[in-house]
Amino acid sequence: MTDPVLERRERLRRLSDLGQRTGYCCFGLAVVLFVVAFFMQFPAWLVTVIIASMAIGSLVLAPAIVIGYGVKAADADDRGEKFGY
């Protein structure tokens, strides 16, 4: 029999990992597009894509980081350790 709490924690860990990868990829894309835009003299459409990429990255990354820390803290607490205090 499996523990439903551990199953949910693992599901949150996978979602957090996916969110972090997605968020960091959005920021990486924004950096690459910024360099491209620099050489293209910042066309308006490309600036819009850069801003959208940064906004999406922020919206996805912030909760993913918080959830990731929560999962790590719960794991540490289960082992009887302190987490980052």
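The stops below go through salt bridges and then a surface patch.

Before you click, note that this is a predicted model: local features need pLDDT of at least 70, side-chain atom pairs count only at pLDDT 80 or more, and totals for chains, interfaces and linings use all residues. Residues are numbered from 1 along each chain as its sequence is written, and side-chain values use heavy atoms, with hydrogens and water left out.

**Stop 1: Arg13 and Glu10.** Select this pair and show the side chains. They meet in a salt bridge, 3.1 Å from N to O; the term stands for a side-chain nitrogen of Lys or Arg within 4 Å of a carboxyl oxygen of Asp or Glu. Arg13 and Glu10 are 3 residues apart in helix 1, so about one helical turn separates them. Helices here are DSSP runs (H or I, at least four residues), numbered from the N terminus. Arg13 is partly exposed at 25% relative accessibility, and Glu10 is partly exposed too, at 32%. For these labels, buried means under 20% relative accessible area, exposed over 50%, and partly exposed in between (1.4 Å probe, protein chains only).

Stop 2: Which residue does Asp75 meet in a salt bridge? Its partner is Arg13, at 2.7 Å from N to O. This pair links distant parts of the chain, with Asp75 in helix 2 (residues 44-78) and Arg13 in helix 1, 62 residues apart. Asp75 is buried, with a relative accessible area of 16%.

Stop 3: Now pick Arg9, Glu10, Arg13, Asp75 and Asp78 together: salt bridges link them in a network. The count of salt bridges by this rule is 5.

**Stop 4: Arg79 and Glu81.** Here is another salt bridge, with the closest N and O atoms 3.2 Å apart. Arg79 is exposed at 54% relative accessibility, whereas Glu81 is partly exposed at 42%.

**Stop 5: the nonpolar patch.** Switch to a surface view and select Val31, Phe34, Val35, Phe38, Phe39 and Phe42, which make a nonpolar surface patch of about 650 Å². Patch residues have over 30% relative accessible area and no salt bridge; like charges are joined within 9 Å, nonpolar side chains (Val, Leu, Ile, Met, Phe, Trp, Tyr) within 5 Å. Accessible areas come from the Shrake-Rupley method with a 1.4 Å probe, and for residues only the protein chains shown count as cover. Finish by clicking Val31, which sits in helix 1 (residues 4-39) and is exposed at 55% relative accessible area.

Terms used:
Helices (H or I, at least four residues) and strands (E, at least two) are DSSP runs, numbered from the N terminus.
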